Amino acid sequence: MTLRHIAVGVDGSPTSVRALDRAAAEAVRHGVTLRVLYAVPDRDEAEPVLGYAVSRLSERWPGLPVETVAAEGGVVHALARESEGAALTVVGTRGLGTVAGSAFGSVSLRLAALVRGPLLVVRGDHRCDEDRPVLLGLAGDSDLRAAEYAFQEAERRGVSLRVLHSWSHRHVTPELPSLTAVRSPGQERMVRESLAEDAVTHFALSHLRDLHPGVAVESHTVRAAPAPALLTASAEAAVVVVGAHRRTGVFGPRLGPVTHLLLHRSHCPLIVVPEG
């Protein structure tokens, strides 16, 4: 499938204007059309907001191909439909809908559980076009789509890629100090687990390193819970990329705790990549 557009949701709020600007920059970076969507009960109400968006884009990005969509119904499902075949879907963290910002009503949270391609969640006024690296949160071989996107994103931006693989070893019952230099069984097991986890990053990324030789990669394996580790590292990143392993619950698809936390508290924009 050829990806020919980037989709962005707007509603006229300052947050959606920031999302519009970020989506335009991404469309230029990807070399694709920007599709601007406004979801309203009556399509006749969309003209002022979409007209302003087109005017702003033509002034700031005069050569950018732009399409507009006035979609009837809810913004979450409208953007989820637009994400089919999109190179990227872009949304702000607040402003899209009357209940945006609450844990259950957050558009970005609900959209991340439904989107069919990569989702960029724009947070505040974070400057992400400097020399800051792309940050990849890697759980293991199951995050290959997110890893591939992170390499491509670093290549598009001309920056380095920082990979953070986080794990917490199982509790080991304290043992009496050994009277010899030989490690105890518990210590040996911990060493084996550490070596195995360190190898995850190497094997998961080796093929992508070959495909993107121009991307400088810095890998770190930390023994800590992944969500706090990524949250801290996001303060120094241009954008953080994570894979979404969605589970079906009583109320529909649900996100894992790492993605959930970053959607609400990441210091930089977040790209969520569905992993199946």
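## Helix packing in a predicted protein chain

Of the 276 residues of the protein chain, 49% count as buried, where buried means under 20% relative accessible area, exposed over 50% and partly exposed in between (1.4 Å probe, protein chains only). The model is predicted: local features need pLDDT of at least 70, side-chain atom pairs count only at pLDDT 80 or more, and totals for chains, interfaces and linings use all residues. Residues are numbered from 1 along each chain as its sequence is written, and side-chain values use heavy atoms, with hydrogens and water left out.

The protein chain has 8 helices and 12 strands. These are DSSP runs numbered from the N terminus: helices are H or I with at least four residues, strands are E with at least two. Contact means heavy atoms within 4.5 Å. Among contacts in the protein chain with a separation of 6 or more, 78% come from residues 24 or more positions apart.

**Helix H3.** Helix H3 spans residues 75-82 and is mostly covered. Of its 8 residues, 6 are buried: Val 75, Val 76, Ala 78, Leu 79, Ala 80 and Glu 82.

**Strand E3.** Glu 72 is found in strand E3. Its relative accessibility is 46%, so Glu 72 counts as partly exposed. Leaving aside neighbours within four places in sequence, Glu 72 is in contact with Val 40, Pro 41, Arg 43 and Arg 81.

**Helix H5.** Helix H5 (residues 144-157) has 14 residues. From first C-alpha to last, H5 reaches 20 Å, close to the 20 Å expected at 1.5 Å a residue. That expected span is 1.5 Å times one less than the number of residues. Buried residues of H5 include Tyr 149, Phe 151, Glu 153 and Arg 157. Gly 158 follows H5, and its phi is positive, near 70°.

**Two helix pairs.** Axes are lines fitted to C-alpha atoms, for helices over the stretch in contact, and angles run from 0 to 180 degrees between N-to-C directions. Angles under 35 degrees count as roughly parallel, over 145 as roughly antiparallel, 65 to 115 as roughly perpendicular and the rest as oblique.

Helix H1 (residues 14-30) packs with H5 at about 90°, their axes 10 Å apart. H1 and H5 are therefore roughly perpendicular. Glu 26, Arg 29 and His 30 of H1 meet Tyr 149, Glu 153, Arg 156 and Arg 157 of H5. By class, this contact has 1 nonpolar, 1 polar and 5 charged residues. Ala, Val, Leu, Ile, Met, Phe, Trp, Tyr, Cys and Pro count as nonpolar; Asp, Glu, Lys and Arg as charged; the others, Gly among them, as polar.

The axes of H7 (residues 226-233) and H8 (residues 257-265) come within 9 Å and cross at roughly 30°. That makes H7 roughly parallel to H8. The contact joins Pro 226, Ala 227, Pro 228, Leu 230 and Leu 231 of H7 to Val 258, Leu 261, Leu 262 and Arg 265 of H8. These residues divide into 8 nonpolar, no polar and 1 charged.

Leu 255 is found in the loop between strand E11 (252-254) and H8. Leu 255 is buried, with a relative accessible area of 11%.

Two C-alpha pairs are tabulated below.

| Residue pair | Apart in sequence | C-alpha to C-alpha |
|---|---|---|
| Leu 255 and His 245 | 10 residues | 6.6 Å |
| Glu 72 and Asp 42 | 30 residues | 6.3 Å |
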